[in-house]
Protein chains: 2
Amino acid sequence: MEGIGIVGAGIAGLHLGLLLRQHDVPVTIYNDRTAEQLAGGRMLNSVAHHHATITRERALGIDDWNDEEYFYYGHHHYLGGGPRPLRFPGFFSAPSRAVDYRLYLPRLLEEFVARGGEFVVRPVQAADVVRLSERHDLVVIASGRGSMSAMFPRRADKSPYDTPQRKLCVGLYEGVAPSEPRGVTMSVAAGQGELLEIPMYAPAGHVTALLFENVPGGELEMLAEISYEDDPAGFEKLVLEKTREHHPATFERIDPARFHLTGPLDLLQGAVLPAVREDYARLPNGRYVIALGDAHTVVDPVIGQGANCASYSAWALGQVILDDPNFDERFCRKVADRRRNHVHATADWTNLMIRTPPPPHLLRLFAAMSENQAVADEFTENFSHPDRQWDILATPERVTSFLARHGMG
Amino acid sequence: MEGIGIVGAGIAGLHLGLLLRQHDVPVTIYNDRTAEQLAGGRMLNSVAHHHATITRERALGIDDWNDEEYFYYGHHHYLGGGPRPLRFPGFFSAPSRAVDYRLYLPRLLEEFVARGGEFVVRPVQAADVVRLSERHDLVVIASGRGSMSAMFPRRADKSPYDTPQRKLCVGLYEGVAPSEPRGVTMSVAAGQGELLEIPMYAPAGHVTALLFENVPGGELEMLAEISYEDDPAGFEKLVLEKTREHHPATFERIDPARFHLTGPLDLLQGAVLPAVREDYARLPNGRYVIALGDAHTVVDPVIGQGANCASYSAWALGQVILDDPNFDERFCRKVADRRRNHVHATADWTNLMIRTPPPPHLLRLFAAMSENQAVADEFTENFSHPDRQWDILATPERVTSFLARHGMG
């Protein structure tokens, strides 16, 4: 038996692989693409890593992108679409950073191999997992691609939506001046969706990711559907128009003359169906496989929690592997217990943020954030602590109790 | 609303109450007996506190019984009833102590009241809980007495027995010389049950608790049934005879001329039906109550884990109360998640120890303990860590893996 087999070279698989290699556990990562294919391909996401994730990266000895230029410090909120827009910032206790995964994943893969990890380029489908399970002490499915997710039943109790709640259009752009202090702008156009404007380090250098989260049937839905390749100038013109109309807090920093997508591959359009799946599955041969990352939980990118949650979950799984390497059902349950609160809170919080119309207690919290910096900062800081965020947001009573703690009756 | 209401002044209620008082949370403990009634009544149990529990007591500022005379250092095992008895010790990393609860509980109650806790002597039944729930922010049921446990359904998946597996007879005795080094003697008479011989500090001073755990229908069952009061000398004579015949490792240190029960109240006979119950219940008024201690989980006393587990569980509950005082279902689930592995491991391990006949992998572990001091010490140390014990014992494969780690193929 050859140690731990991980299917998928995303952040979940790589953080787990690097953690296990630090403790000399043999690890093989299977992926359907080479590092070069990842580096040269279409952009994968526009995710930021918050400080809890960065702390794990430092513990893994990932020392890249630690200069001030890569960091940002909080969120600039703009809540528009109504008669009186709300506008206020919120700050982290330690900064976040967004690095394009076409840089990030190949760099981590390189470290993984340099530290003795085995990397195998081979597409793995659900039908191959039994065979893999007989080669490794434990197989971890850390890829939501292809047929893999279906191994783990979707949990109806934690998966409230049957269709995607946002149509997505995310691209990398030149021509957007950074916000001050540098941060992510979270712009909400009531009834239409959100724009996340993210300072990102990408192959083209320091650029701006514009992630449009558009309500299906709304005025921005077409951004997820029109083709850039058919008419690049028309696409950029439409993005500019929609930004001007619905997301003025970002538009006011755009220089239309310089505004353009940084390349045809620097664009991703589509939609995500949120799902929380079972933590593990028992194979016909009696062995257990663990779901990690997207194979376990898919969240809409609206608050950028998916990758951070996948890293947390990889860490939790790694700790149990190091602590109790007996890969039976007890092991699987310990993994589930250890990550449940964090992972479910991430899904529940994200699902709340994309509910249409937004629930009144969320609007009440936003209004309080606009009036009280400490409230805004705690909400913002909790991008590193989704479990604490859900402690605040899970019910209207909890929002009341949170605001009372801040002296807001 | 008046803070936290706790029903029951056992170790669970008192450890929780003292922890919350350290953080200035208002607490009321309801109990059906006064401190004086507890101190002057029949013995309550023969439990020892292991070092994990003692560490919590120190954190609570309970500084009594810290001299060397109160401590013991490990277990003397005697596995008899077959052709070749096994005899070997195992040692803790830090000592345990057994203090009679007629001393222990009144002392903690005194501290609780001195630290501003409210103590109300009043019998509480399940029917009273709704009213209590409207007086307190949260009600905790920390008593298995009367009708309280029935509020929390028994979990069939964690409660394998429908009848008690041992008939119990525990008394405090003079005339038993301590083992060297001072420890608990765990004597197993194959097919008949166990004798736990415990150095205990009681109202009569340093005495010896003899806890006979007798298989129903076996040769020692009558110890749980004959009356001391009807014929004290006859009772003591029978105890001596049964000890001589089935538990020679203790009998050899008894001076029959001095051997006697220290008092008519220093004896407890009966049986325990093990049960793991749901963590919480929703009242008709929508409020939640939490089960703690015996209201949550009852284990046979054979390995003395009940009180230690109740203290652990009180601590876990207290941490969640301090961290997130929103007493809704999310709160209850967090409590359940935090204590699940420890509490279930305690129940599973205890239930394994009283299975008749004992499972082969348990016997295999005992044999290995007799041959390898490190194996015996790890098993013994894990009386403070039932979760780690269950990592070793949950399956035959886990015992194999544990022994392999100790170089035993």
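The largest cavity is lined by Val47(A), His49(A), Glu57(A), Trp65(A), Arg97(A), Val99(A), Tyr101(A) and Tyr104(A). This is a predicted model, in which local features need pLDDT of at least 70 and side-chain atom pairs count only at pLDDT 80 or more, while totals for chains, interfaces and linings use all residues. Residues are numbered from 1 along each chain as its sequence is written, chains are lettered from A and ligands numbered from 1 in the order in which they are written, and side-chain values use heavy atoms, with hydrogens and water left out.

Visitor: What volume does the largest cavity have?
Guide: A cavity is a set of points on a 1 Å grid over the protein atoms alone where a 1.4 Å probe fits but cannot get out, and lining residues have an atom within 4 Å of a point. Grid points are joined across faces, edges and corners, and the volume is the space filled by probe spheres set on the points. The structure holds one cavity of 30 Å³ or more. Its volume is about 40 Å³.

Visitor: Which residues does Leu16(A) contact, leaving aside neighbours within four places in sequence?
Guide: Leu16(A) is among the residues touching the most other members of the largest nonpolar core, which has 45 residues. Such a core is a set of buried Ala, Val, Leu, Ile, Met, Phe, Trp, Tyr and Cys residues joined through side-chain atoms within 4.5 Å. Contact means heavy atoms within 4.5 Å. On that basis the partners of Leu16(A) are Ile6(A), Val140(A), Leu292(A), Ala314(A), Leu317(A), Gly318(A) and Ile321(A).

Visitor: Is Asp348(A) buried or exposed?
Guide: Asp348(A) lies in helix H9 (residues 329-353) of chain A; helices (H or I, at least four residues) and strands (E, at least two) are DSSP runs, numbered from the N terminus. Buried means under 20% relative accessible area, exposed over 50%, and partly exposed in between (1.4 Å probe, protein chains only). Asp348(A) has a relative accessible area of 16%, so this residue is buried.

Key: 1 Å grid on protein atoms, 1.4 Å probe; cavity = no way out; pocket = protein on both sides within 12 Å on 5 of 7 lines; lining within 4 Å.
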